[in-house]
Amino acid sequence: MNRSNFSRGILGIIAATLVMPVAAQNEASGYLEEITVTASKRQTTLQDTPIAVSVVSASDLQESQVQDIKDLQFLVPSLRVTQLQSSGNTNFLIRGFGNGANNAGIEPSVGVFIDGVYRSRTASALSDLPNLERIEVLRGPQSTLFGKNASAGVISIVTAKPGMDETTGSAQLTLGEFSQVSVKADINGPLSDTVGFSLSGSYSERDGYYDNLAGGDALNELNRFGIRAQLLFAPSDSLEVRVIADLDDFDEACCGVANLRNGPTGGLIQAIGGNLVPEAPFAYQGFYDFTPTNEFETSGASIQFDYDFNDAVTLTSITAFRTLDRFDNADVDFTSARLFDPQTANRTDTEIDTFTQEFRLAGSTDNVGWMVGAYFFDEEVDQSTGVLFGDDFRLYADFLAVAGGGGTPGVDPSPFGDIEALFGHAPGTFFAAGQGLVDDSTMDDQAFSIFGQVDIDLGDRVTLTLGANYTEDEKDVTFNPTSTDVYSGIDLFNDPTVFGVPLPTVLFGQAFTAATVPFNPPGGLAPTPANIAFVESVAPGTSAAINAGVAASITGLQGLQFLPPNVGFPNAVESGNTKDDDTTWSVRLAFDVSDAVSAYVSAGTGFKASSWNLSRDSRPFPQDQAALEAAGLNVANATYTTRFARPEEATVYEVGLKALWDTVALNVAIFDQEIEDFQSNIFTGTGFTLQNAGRQSTTGLELDVRWQPSEVFEGTLAATFMDPTFDSFPVAESVDDDPSSPTFLERISADLSGTQPPGIHELSLTAAGRFSFDVGNAAGYLRFEYIYEDDIRVIENTPANIASREVSTINASAGLAWDNGLEVMLWGRNINNDEYLLSAFPSVAQAGSFSGYPNQPRTYGLTVRKYFD
């Protein structure tokens with residue numbers, strides 16, 4: 001997008017949005033209610049909070065049939081949530097920035113907090129969200145108040161406190177498509193005059209909508225339950241203590257993967273008895289030789305103390321312990337061929353234990369409000385992951401070698417039978433079932449920060465806010481790979497064969513003998529120096545041509561060394577330690593233009609500590625190669641990429657406008673945001689490529705309008721316009737999408753500087769309308785939602801003509817509520833059956849093929865809810 005056109009477009013939108021509220025006041029009626037937020041860790045109203053924040057109420061979540069936090073993106077256009085190969089592999093982005101997914105060494109750039117407690121991995125934030133009050137989405141860096149992993153923004157989930165007046169509760173039943181059954185119930189009330197409690201639970205199940213044509217279970221199912229308990233102690237007006245314990249359990253078959261491009265290996269898959277559904281991403285069906293496993297349990301407890309000293313100073317303490325246990329096993333080739341062992345096809349077993357402690361002291365005088373605090377974080381990660389060959393891989397490898405010019409597959413002599421013999425291995429050794437790569441890793445992460453913020457009133461209408469945060473973060477990591485892939489452990493160019501010479505020498509001799517028969521050298525056909533000289537005298541260039549052919553053949557065979565051995569650490573060269581520190585700051589000037597309109601200008605920075613790659617794509621840095629070789633730590637076929645990504649630092653400049661009239665609420669933010677050394681984490685099918693992306697920036701506008709001209713109608717429009725750019729990304733994992741290139745559709749390193757980052761839409765918007773009406777003694781409503789995102793390339797490592805995305809989705813619901821607490825709601829999500837891809841990647845061990853994750857198709861259902869008191 002041209003930046004000057006983009007700027008003119010922003011100014012036009014601002015002008016239009018400023019004119020609309022003025023017109024709306026002709027019939028002012030005051031139907032809009034103020035919204036309470038705690039975005040600044042103080043309770044204020046949304047319109048009085050000079051921060052770019054979106055708020056979603058509990059009623060909006062219910063009527064929109066939001067199942068868990070990943071569905072929130074349909075209500076907040078600046079938020080993007082992507083689910084990949086497992087139920088817990090979910091990635092959050094705000095304004096196009098964010099990372100994490102299920103690489104256990106990476107904490108997300110978007111911090112998720114539930115009742116003030118940080119959830120360090122996205123899987124631990126997925127739940128059915130009971131007893132919600134609201135969800136706040138803070139856009140842009142929030143490191144000053146929220147710490148080290150909020151460089152892109154924050155999602156703050158606030159649940160209701162237990163009631164202290166009377167016992168109330170609710171029960172809910174949802175029946176939906178694909179045999180969905182969801183049950184929720186809660187009860188809360190007083191145990192005494194000073195103690196309140198709440199207890200809630202949920203259970204959801206649904207058949208999968210992605211059929212396995214090989215006869216296994218359908219994928220993308222739901223099977224989860226959760227329970228949450230709270231106690232609230234209020235022994236005096238000065239002290240409040242809140243204790244929360246929760247548990248969520250998931251056991252689901254997820255997630256369906258579609259073939260986007262059926263490359264030359266598709267026919268080979270079928271030749272060995274496997275199958276796939278070619279190039280039909282929205283058929284919602286495929287062939288899998290086993291049902292994936294996604295099991296995880298997240299649980300924890302927290303205690304919060306709030307004590308008021310003479311109504312002038314408040315001390316807050318939040319202590320939390322959390323555990324995430326997770327086991328995933330996916331069919332990484334996504335065909336019915338048994339290329340990988342179904343017990344460990346792509347197994348990941350992870351345990352994460354987290355302790356956090358926060359202290360805050362806040363107070364105010366006549367013209368100054370202040371807050372100081374400290375935060376401590378201690379986490380232990382223990383992970384084992386492995387991928388092992390299955391029964392069909394040897395035959396598949398034979399076919400791949402034949403396709404590259406080898407012998408007859410599946411018979412002796414096969415392409416690999418000769419190589420096995422040359423290196424002294426028994427027939428059938430290479431690619432034997434059960435061989436592969438297993439990685440065991442740990443990470444200990446300790447961090448602390450101190451922070452402060454002060455709000456200074458510079459007169460009746462102007463407030464200056466200054467904030468700062470100092471953070472230290474230290475990680476100690478171990479990585480222990482075990483390779484049993486015999487073939488991938490052979491250096492085909494340099495390891496000696498049974499003849500005592502390397503393979504190129506053997507192959508040159510064989511080729512020379514065959515090629516020189518017509519010349520009848522006087523010394524025979526052996527590749528002696530004399531015979532080589534003779535052949536060169538009568539056919540110059542013969543030796544060079546033979547050598548080139550041998551090198552090309554061996555290089556092709558190297559391409560089938562899918563799981564090369566790795567170097568463990570810490571070692572003499574790699575310490576396995578990173579220690580980072582940073583001071584982030586924020587400055588904001590807010591001005592009340594009138595009683596209804598306020599404006600602000602702000603600048604701030606964010607920080608995210610180093611992230612470690614704990615996937616099997618974790619490899620030494622290229623600059624460590626010489627030292628590793630000198631220390632005798634090199635392994636055969638060693639590859640060099642990255643172990644970790646350096647810290648990322650964000651900077652944002654923002655101008656905002658907030659207004660609340662009788663019938664219209666308007667929030668506008670214009671921002672210029674960049675992240676230096678953005679941590680790019682790209683899914684490759686069996687692991688992740690983690691690297692720093694130089695600098696990524698975006699200039700944009702966010703618009704949020706609520707309009708309620710009468711009691712019977714409320715409309716909302718939220719839109720985000722952005723111009724994202726990789727300002728600097730000189731060495732990126734990409735794919736060649738030039739059909740005229742000799743490396744067409746191959747993975748390459750490319751300079752993406754100056755290009756638009758894939759996966760980030762220039763325009764995203766959500767519009768909703770809610771009509772209220774009465775039917776007899778029941779209050780009814782009808783709600784429509786429209787979600788639009790313009791067309792973009794999905795991800796760097798898949799061509800845009802294979803994987804692009806444009807979203808145009810309609811959701812709807814209708815409900816009736818009676819005075820006796822009974823509610824009935826009909827709902828439909830994606831009722832227009834919009835089709836788009838969530839993500840994509842090069843197919844595993846299938847060069848030239850690409851796979852992707854299709855979105856959820858149309859679903860609908862009925863929800864019945866009963867409130868009681």
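This is a predicted model: local features need pLDDT of at least 70, side-chain atom pairs count only at pLDDT 80 or more; totals for chains, interfaces and linings use all residues.
## A charge over a ring

A charge sits over a ring if NZ of Lys or CZ of Arg is within 6 Å of the ring centre and within 35 degrees of the ring normal. The charged end of arginine 95 sits over the ring of phenylalanine 671. The distance to the ring centre is 3.8 Å.

## Aromatic pairs

The structure holds 36 aromatic pairs. One of them joins phenylalanine 113 and tyrosine 118. Their centres are 5.4 Å apart, and their planes make an angle of 40°. That pair is tilted. Both phenylalanine 113 and tyrosine 118 are buried.

Tyrosine 209 and tyrosine 284 make another pair, and this one is edge-to-face. Here the centres are 5.9 Å apart, with 75° between the planes. Tyrosine 209 lies in the loop between S12 and strand S13 (211-212). Tyrosine 284 lies in the loop between helix H4 (265-271) and strand S17 (285-286). The pair therefore ties together parts that are 75 residues apart in sequence. Tyrosine 209 is buried, and tyrosine 284 is buried too.

These two tyrosines also belong to a cluster linked by ring pairs. Its members are Phe178, Tyr209, Tyr210, Phe282, Tyr284, Tyr288, Phe334, Phe841 and Tyr853.

## A disulfide between neighbours in the chain

The structure holds 1 disulfide. Cysteine 254 and cysteine 255 form it. Their sulfur atoms are 1.8 Å apart. The torsion about the S-S bond is about 85°, so the disulfide is right-handed.

Are the two cysteines buried or exposed? Buried means under 20% relative accessible area. Cysteine 254 has 3%, so it is buried. Cysteine 255 has 5% relative accessibility, so it counts as buried as well.

Strands of a sheet pair through backbone hydrogen bonds, either parallel or antiparallel.

Look at S40 and strand S41 (residues 850-854). They pair in the antiparallel sense over 5 bridges. Proline 842 stands opposite phenylalanine 850 in S41.

## A hairpin and the next strand

Strand S11 (residues 180-190) and strand S12 (residues 195-206) form an antiparallel pair over 10 bridges. The two make a hairpin, with 4 residues between them. Proline 190 stands opposite glycine 196 in S12.

Within it, serine 198 has glutamine 230 in S14 as its bridge partner.

## An enclosed helix

Where does helix H6 (residues 415-422) sit relative to the rest of the structure? Of its 8 residues, 6 are buried, so the helix is largely enclosed by the rest of the structure. The buried residues are Pro415, Phe416, Gly417, Ile419, Glu420 and Leu422. After H6 comes glycine 424, whose phi is positive, near 80°.

Definitions and conventions. Residues are numbered from 1 along each chain as its sequence is written. Side-chain values use heavy atoms; hydrogens and water are left out. Buried means under 20% relative accessible area, exposed over 50%, partly exposed in between (1.4 Å probe, protein chains only). Two strands pair if DSSP finds at least two bridges between them. A disulfide is a pair of cysteine sulfur atoms within 2.5 Å. Rings of Phe, Tyr and Trp (its six-membered ring) pair if their centres lie within 6.5 Å; planes under 30 degrees apart count as stacked, over 60 as edge-to-face and the rest as tilted.
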